[in-house]
Amino acid sequence: MTGGSLGLRSGSYGSLQLHNFNGFGGGLVQGKSSVIVRKSSGKMLVSAKDRPLSFVWCRYLGRRKVSMLLLVILALLVFVFGSFTVNKESSRSNIGRQMESLVHYGNGIARDHVVYRSHGAKGVQDKRNLPVENSFRGRDEKGAQHPPPPSVSRGAAVLPSEHPCKNFALPPPPPPALRRRGPRPCPVCYLPVDQAIASTPSSPSTSPVLQNLAYVHDENPIKMEPHGGSDFGGYPSLQQRNDSFVIKESMRVHCGFVKGSRPGHQTGFDIDEAVLTELEQFYDIIVASAIFGNYDIIQQPKNISEVARKNIPFFMFIDEETEAYMKNSSVLDSSMRVGLWRIIVVHDVPYSDARRNGKVPKLLLHRLFPNVHYSLWIDGKLQLVVDPYQILERFLWRHNANFAISRHYRRFDVFVEAEANKAAGKYDNASIDYQIEFYKKEGLTPYSEAKLPITSDVPEGCVIIREHIPITNLFSCLWFNEVDRFTSRDQLSFSIVRDKIMAKVDWSTNMFMDCERRNFVIQAYHRDLLEHMAPPPPIAAVTQHPQALSKIQAAGKTPGRRTTPRHGRDRRSGSRRHRKAAAGNRENTAILNVF
């Protein structure tokens, strides 16, 4: 646009220029008036007939520009407001998509870190990578301090200043078209075994507030309330339940085994005296599992280092039914060992439900092993394929955590988990509804972003990694009490216990991704599913009979040799037929190999 055109356009707004010069943006008009170029009078003259039309047209054009500008601004405001509203309304669905995308590594948590919450008088404070403070593990109910476990050679004193996995990041998820449905393992950065051993903390973690934890002993427990409880758990009242969540320096709580002089001795869930003595020895680390009701097939660990085989015992708890099956199938002999597993037979199990019996060693390992520092629990259907030292370093020591459990790969809300349990027939619906209604009255709400940095309320509880200190022992006791009082579905009661303890003391759990759990354990089918699976169809053997020699000789042909060579098109077609037949044979062989 030239200066003349600017002058002409400005001249056509003579009245507007006059108003602006009189106070409506006079500076702008004043700056442009110097570039106006007057042209000859012949070109500037306009007839009386055309002047009003051009004047109206120019005024209309200017107003249209202003109107369009206002409309653009209004459209931008509507777009921004609409985007904010949509984002606010879909926040919960976004959490769901983020949790579900963990299977494909798309959750945005690429580096190894963990967030702790500190509940103080001034509110909630986030803490990352809290240092481990030196403290004793605590004392038992008799006031005797536990001596340290036997020392293990740990190689180098300290690791390099920069952690080898510091810059580890998950690879980007595959394109949607290439993604496989269902949960999958994802890469995990483990230290070599010797470095993992070298990173073992030199002293136990601090137990916040709670230092001395004792357990209720009652030879004649009486059920005082209509709902829940058992002789094995001691029927704690609702008042006793509420008091157990008031964290103090010294506490006494219900924690199973209420009868008998010690756990496993005339308590229900009884163990032979010689074996109890073995369990009460000092162990730095143990791996434990259980099979009750002959429900699973024992899985042998793999990729276990020699130092772990030497220093870490593997204990498998079974009931008499499972023992009989294993002996009849020649899996178990008098040595009471199956591969790496030391078999512990439990007599007089406290519950008729095999799955509920399995919760006893799962949640109360600290009672069966009173002198253990660290434990790794895996369900009986799982096969461990990574060294325990590497797992402890990755999920506990690297994060200064003392309790680690994976979150569910899809569900992160207790209410959604309850409906899924009802739909799958995991427990009777009335009991699940009663438990959820009870928790709602206590303040349980659906999971939301307000709970961050807590990423889930629903664990995948088949693996538990913990350090045995008073606060984690208390958590395990109170979690077991909920399982004893309500349903055996421990996923429903995990978050209510965790949140109640976190509201009182500075403590949290490391809930790592489910795809990381699937990296170090392989899940097998339960025995009943394997028995009901249809076996693969038998493959019919096809026998090809050679052509009779007499017929070949009668035709004047030599076996295995052509009498007349093929030329040209016939030869090429024969080659094609030969290639197709060979390809078909290879495909059939591949299919047979698959089955």
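How many aromatic pairs does a search of the whole structure find? The search returns 25 of them. Before I go through a few, note that this is a predicted model.

Y434 and F486 make a tilted aromatic pair, with 6.1 Å centre to centre and 45° between the planes. Y434 sits in helix α16, residues 429-441, while F486 is in the loop between α17 and α18 (490-502), so this pair ties together parts that are 52 residues apart in sequence. On accessibility, Y434 comes out at 34%, which means partly exposed. F486 has a relative accessible area of 8%, so that residue is buried.

F438 lies in helix α16 and F486 in the loop between α17 and α18, so parts 48 residues apart in sequence are tied together here. Both F438 and F486 are buried.

There is also an aromatic cluster, and F232, F257, F269, Y283, F292, F315, F317, Y351, F369 and F480 form it.

Two charged residues sit over rings. The charged end of K500 is over the ring of F245, 5.2 Å from the ring centre. R518 lies over the face of Y409, and there the distance to the ring centre is 5.6 Å.

In soluble globular proteins, nonpolar side chains tend to be buried together. Here the largest core has 67 residues, and those with the most contacts inside it are F269, I271, L279, F317, F369, L474 and W479. Helix α17 supplies the largest share of this core, eight residues. What does F369 touch, leaving aside residues up to four places away in sequence? The partners are L279, I286, F315, F317 and H468. Apart from this core lies another, of 47 residues, with A196, L382, V386 and I465 among them.

Now the disulfides. The count comes to three. With the bonded cysteines numbered in sequence order, the pairing reads 1-3, 2-6, 4-5.

The angle about the S-S bond is -75°, and the link is left-handed. Both cysteines are in the loop between β2 (123-128) and α7 (193-198), 24 residues apart. C165 has a relative accessible area of 1% and is buried; C189, at 16%, counts as buried too, because the cut-off is under 20%.

C186 is joined to C515, S to S 2.2 Å. This link is right-handed, with 65° about the S-S bond. C186 is in the loop between β2 and α7, whereas C515 is in helix α19, residues 514-520, and the two are 329 residues apart. Both C186 and C515 are buried.

The remaining pair to describe is C255 and C477, with sulfur atoms 2.1 Å apart. The value about the S-S bond is -80°, and the link is left-handed. C255 lies in the loop between β4 (250-253) and α9 (273-279), and C477 in helix α17, residues 470-485; they are 222 residues apart. Are C255 and C477 buried or exposed? Both are buried.

One further cysteine to mention is C462, which counts as buried at 3% relative accessibility.

How values were computed:
Residues are numbered from 1 along each chain as its sequence is written. This is a predicted model: local features need pLDDT of at least 70, side-chain atom pairs count only at pLDDT 80 or more; totals for chains, interfaces and linings use all residues. Side-chain values use heavy atoms; hydrogens and water are left out. A disulfide is a pair of cysteine sulfur atoms within 2.5 Å. Helices (H or I, at least four residues) and strands (E, at least two) are DSSP runs, numbered from the N terminus. Buried means under 20% relative accessible area, exposed over 50%, partly exposed in between (1.4 Å probe, protein chains only). A nonpolar core is a set of buried Ala, Val, Leu, Ile, Met, Phe, Trp, Tyr and Cys residues joined through side-chain atoms within 4.5 Å. Contact means heavy atoms within 4.5 Å. Rings of Phe, Tyr and Trp (its six-membered ring) pair if their centres lie within 6.5 Å; planes under 30 degrees apart count as stacked, over 60 as edge-to-face and the rest as tilted. A charge sits over a ring if NZ of Lys or CZ of Arg is within 6 Å of the ring centre and within 35 degrees of the ring normal.
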